[in-house]
Every structure is written in structure tokens, then in C-alpha cells.
Amino acid sequence: MTALRLSKLTKFLSLQIAGISLLLLCSNLPAQQISFSFTANHSCEYAALDSVFIQNITAACDTTLYWNDTTINFDFTAIEPLQNLPKKPFEVFCYPNPFESQTCFVVNTVKHDNLFVGIFDITGRLLASTTVFLKPGKHSFDFCAAQSNHYILKISSSEYSENIHLIQTSGNNRNTVSLTYNGPDEFQETGIHSKSVKSNFTYSIGNQLMYTGFVHGDYNVITDAPTESFDYTFNINTSAPGVPEIGELTPELNQITWNWTAVDGATAYYWNFTDNFETATDIGNTTSLVCDNLYCGTEYSIFIWAGNHCGHSEPIMLTQETSFACGCTFADNRDANTYQTVQIGSQCWMAENMAYLPLVHTDAEFQSLGSWIQRAYGVYGYNGSDVELAKAHENYALYGVIYNWWAAMDGYVGSSTNPSGLQGICPKGWHVPGDDEWKQLEGEVDATYPYGDPEWDLQWFRGNDAGSALAGNAPLWADDNLINHSSFNSSGFNILPGGQRDQWGNSIAIGGHTYLWSATESGQPSAWVRAIYYDDPSVYRNPVNKQWGFYVRCVRN
């Protein structure tokens with residue numbers, strides 16, 4: 001006899017039961033009483049048991065406990081074997097249960113008796129009843145439900161009573177229930193497993209027992225060889241799901257499609273940009289997520305949890321970079337600053353100065369650190385050491401950060417190659433341009449001298465109008481030759497007159513000119529720089545002491 005076959009007759013499951021107890025008297029000990037009680041945890045919460053199927057493996061017998069016929073009491077002496085206890089005066093078989101709108105039940109009586117048959121709602125209100133005198137044998141009844149979902153069938157005689165929970169799976173349009181006695185019936189049990197006769201269930205101390213507890217259609221099995229009373233708890237579907245695994249990640253310019261594997265037992269998945277489940281978003285049972293409105297060429301990470309009523313898994317972190325196309329706006333993952341980009345010839349440049357500010361130094365600190373070949377950071381016009389206050393300064397948003405050369409290189413030694421290959425202070429995927437990369441840029445935008453012309457190897461002011469072509473935002477510049485040239489702001493490079501910090505830490509020359517570092521050294525104390533002046537449309541090139549504070553532009557790798 002299997003639990004599956006049993007379920008065809010025992011699916012009138014109840015959500016109301018707090019527990020089920022079976023009281024058995026051991027046959028081989030005088031006046032000894034042993035009890036087994038049963039409760040359940042389902043989906044990590046206390047739940048009512050629908051039924052318990054009990055098998056005595058040793059004695060090859062079984063019985064089933066249903067709501068609300070949940071207790072068996074045996075009163076006997078040591079010489080009375082369990083299997084010879086008197087049977088109940090009648091038994092009830094109901095099929096199907098659960099049912100859609102109508103079900104039938106059979107009462108099997110063992111003697112002449114008057115029986116009360118009643119249908120109650122879940123609150124105990126009598127809905128329909130009949131009292132019939134039944135001869136020994138099987139008697140058939142029909143029950144038609146109304147609009148409720150739960151009913152109680154009560155059958156009682158002068159000495160015994162039995163209740164059965166009836167469950168209607170779908171409502172109908174009837175307003176009243178009906179109960180009909182059909183008379184004696186030859187009940188066919190083919191394919192239907194009735195309740196075991198509890199009076200024939202035997203147990204001796206140490207017998208091997210198997211209990212199967214059912215809740216909401218789920219079940220759990222406990223095996224034991226009990227020698228004394230015991231309280232059993234069925235833990236049914238009570239574990240949180242495992243961690244998902246990474247699936248296919250599909251990047252686009254401003255969008256990423258994330259996929260992960262389904263997890264057994266998970267009823268929902270949650271996601272967040274941070275490792276914080278408390279603020280995560282429930283996305284149901286889907287295993288895919290599309291994040292859009294993202295910055296291009298930017299690395300993103302999300303955290304995914306699998307969850308159910310029992311809790312949630314540890315997170316899995318999915319990491320993917322969006323696609324990049326020069327001209328789009330990307331974000332620096334270190335501080336979320338965003339940068340516009342511009343394609344000039346074969347190079348892709350940031351169209352804004354670097355604004356990464358891990359530290360900030362006063363004027364005096366800037367001078368001192370430079371003399372000891374240490375990194376120094378500053379914001380034009382801010383003389384303090386508070387990073388957040390420095391970022392709040394108007395010149396930070398407009399011009400970015402001033403670095404001495406060691407800060408600009410972020411610990412790297414110089415490079416004279418094209419490309420330089422040195423990330424320096426730049427974000428991942430970008431690098432500080434070498435002297436030759438600046439020459440290439442100048443040759444691309446100048447109206448007279450192309451890249452490779454000896455003009456670009458000269459010092460001081462060189463070229464024709466490259467400075468005007470690279471500069472932008474005329475209102476910030478002093479009114480002179482630079483902004484009045486016809487090529488002004490023609491490249492989209494947008495150099496602004498952010499001034500500089502001299503080797504003594506002073507902020508000077510804002511609105512008049514700006515200097516930018518290269519990654520190429522010129523002797524031990526100096527490195528090559530570029531400068532744009534308000535009164536000259538060309539570009540200035542010269543080596544300058546590394547203690548000075550200039551700006552940084554980055555080139556895409």
C-alpha cells in the first residue's frame with residue numbers, strides 16, 4: 001500500500017489542524033500507555049497537518065489519521081492483544097474529496113442503529129441533516145455543495161461519532177446544499193484505498209514505524225523504532241533555496257541583460273545594485289533582468305538572491321561592462337563621476353578633465369608633498385583637507401582636480417610610447433597620454449601642420465590654430481586671440497581655463513590659461529606638459545617641474 005494510492009481517498013486536507021495525536025497501549029507491558037503526537041512545520045512556519053499515514057513495518061499493518069478524527073484510544077490489560085479489540089460500530093468512506101461540486105460517501109455499519117448525518121459549515125452552523133435507521137452493511141449518500149469551500153460531515157450514533165472535512169475545489173452558483181440518502185450500496189473499492197481499520201493496527205515496543213505527514217499536498221517521512229512516548233514534528237519544505245549560478249550576460253551601449261540559473265525550491269528572486277537584501281527588489285520567479293539607462297563603457301555589478309517562505313540564499317554577484325562607442329558618456333566606478341567623450345582622428349579622448357579625488361591637500365601640504373616626490377591633490381581655490389568640501393567647491397565641478405605629476409601617474413613611472421599604456425589616475429580602460437599622443441591630437445585638429453610634422457617636436461608655442469580648436473566655453477576665457485579665432489571649439493575637446501597650482505602651492509591664472517600633464521618625463525625633475533593661453537591660438541609645449549599642479553585628460557585604451 002503506497003502513500004500515493006492512499007492520497008486518492010485522503011485528499012480532504014485541512015488548514016485548521018494544530019496537531020494529531022495517536023495514543024497506543026503497548027500489548028506486552030501491563031497497563032502501560034504510549035503516545036505518539038504529531039505536528040508540522042511547513043515553509044518554515046508552524047502548519048496544520050492534513051493527515052498522517054502510519055505504517056508498522058515490523059507487523060505489516062498501517063492506519064491513517066485525518067482531521068478531525070485524530071485520536072485513537074485503547075483501554076486494555078496486558079493480556080489483550082491489540083488486534084482483538086472491538087471494532088467501531090460504523091466507518092465512513094468519502095470519494096472524491098477534494099471535489100468540484102458534488103461528492104458521495106458510504107457508511108459501513110456493523111449493527112442496526114439510528115444514525116444522524118449532518119453537514120455543517122466551517123463555523124459549526126448546521127446546513128443540512130437527516131436521521132436514518134440503518135441495517136448492517138454499506139449505505140450510500142450524495143452531497144451537493146453550494147458556494148463555500150469547506151464543510152464538515154458529521155455522522156453519529158448513540159455510542160460513536162465521526163467527522164470528516166470536505167473540501168470543494170471550485171465554487172458553483174448554488175445557494176443551498178443538499179444531502180440525499182440513496183439506500184444500501186455495494187461500494188466498489190477498486191482503485192480506492194479506504195482508511196485502515198484502526199482497531200486492527202498493532203504496535204509492540206521497538207517495532208519499526210514509518211510516519212508520513214501531509215500538509216498542502218507536500219509531505220515528509222519519519223522512521224523510528226520508538227520504545228516510549230514521543231512528539232514528532234514533520235519539517236516539510238522548510239529550507240531556504242540555494243545560491244543561483246551565473247547565466248548569460250548580454251551588454252549593449254546603455255543596457256545589460258542579466259541571466260542566472262533557476263534554483264530548486266525558489267519561489268522568487270530579488271536583486272539590488274548593493275549587497276543589501278533589505279532594500280532588494282522582488283522580481284517574482286523570473287531568472288532574467290534588464291537594466292537600462294546605463295552609462296556606456298561602464299562596469300556594473302548586481303546582486304541576486306533566491307528566496308521562498310523560509311528565507312533567502314546568499315547573494316551571487318554578477319558583473320558586466322556595457323558596450324562602448326566614442327561620443328557616449330561613461331561613469332568612473334570609483335566615485336560615479338561621469339565623463340563625456342570625443343573621437344578625434346583614431347583617438348578617443350575624455351572631453352572633460354579628470355575629477356577623481358581620493359585626498360585633498362592644503363596649499364602648504366601641496367608644496368611639501370611635491371618636494372618629497374609624493375602625490376598631491378587639489379581643487380583650484382580650495383585651501384583645506386576635507387574631500388567633501390573640496391567637491392562642493394564650484395571649481396571642482398567645472399575644472400576637475402589638480403594633480404602633481406606623481407599623483408597624475410598614480411605611482412607609475414613615465415612612458416614615451418604611443419600609446420603610453422599607463423593608466424595613472426585615469427579610470428579602468430583609459431590611460432594618461434604620452435607626449436607623442438598629444439602631438440597626434442594637435443596634428444589632427446591644426447589647420448596647417450599634420451601629425452608627424454617637425455613643428456610638433458618644438459617647444460613653446462607651436463602650430464597654427466590647434467589651441468583654439470581644442471579650447472571651449474568662450475565665456476570662461478579672457479577675451480583675446482584664442483576665442484576670437486575661427487577654429488575656436490571646432491574639435492569638441494573643450495579645454496577650459498582652469499589655471500594651475502605652482503610649486504609653492506598657490507592657485508593662479510584661472511580664466512587665462514590651463515596646463516595638462518603628459519605621461520612622458522623630461523629629465524628627472526620634469527615632465528612634458530601642454531598649455532593653452534587666452535592670447536594665442538596655438539599650443540604650448542614644455543617640460544615643467546613635477547611639483548606643479550596641473551590637470552589630466554585621459555585617452556581610451
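Tutor: The model is a predicted one. Let us start with a bridge: Val117 has Ile155, in β11, as its bridge partner.

Student: What makes strand β8 and strand β11 a pair?

Tutor: Two strands pair if at least two bridges are found between them. Strand β8 (residues 113-121) and strand β11 (residues 150-156) are joined by six bridges, in the antiparallel sense, so by that criterion they count as paired.

Student: Which sheet holds these strands, and in what order do its strands run?

Tutor: The order is β9-β8-β11-β12, an open sheet of four strands with antiparallel pairing.

Student: Why are β9 and β12 called edge strands?

Tutor: Strand β9 (126-134) and strand β12 (161-167) each pair on one side only. On average, neighbouring strands of this sheet are turned by 15 degrees against each other, direction ignored.

Student: How do you know that the side chain of Thr514 makes a polar contact with Leu496?

Tutor: The cut-off for such a pair of N or O atoms is within 3.5 Å. The side chain of Thr514 reaches the backbone oxygen of Leu496 at 3.5 Å, so the pair meets the cut-off. Leaving aside neighbours within four places in sequence, Thr514 is also in contact with other residues, including Ile495, Arg530 and Tyr551.

Technical notes
Residues numbered from 1 in each chain as written. Predicted model: local features only at pLDDT ≥ 70, side-chain atom pairs only at ≥ 80, totals over all residues. Heavy atoms only, no water. Helix = DSSP H or I, 4+ residues; strand = E, 2+ residues; numbered from the N terminus. Axes fitted to C-alpha atoms, helices over the stretch in contact; angles between N-to-C directions. Polar contact = N/O pair within 3.5 Å; in protein donor to acceptor, adjacent residues only side chain to side chain. Contact = heavy atoms within 4.5 Å.
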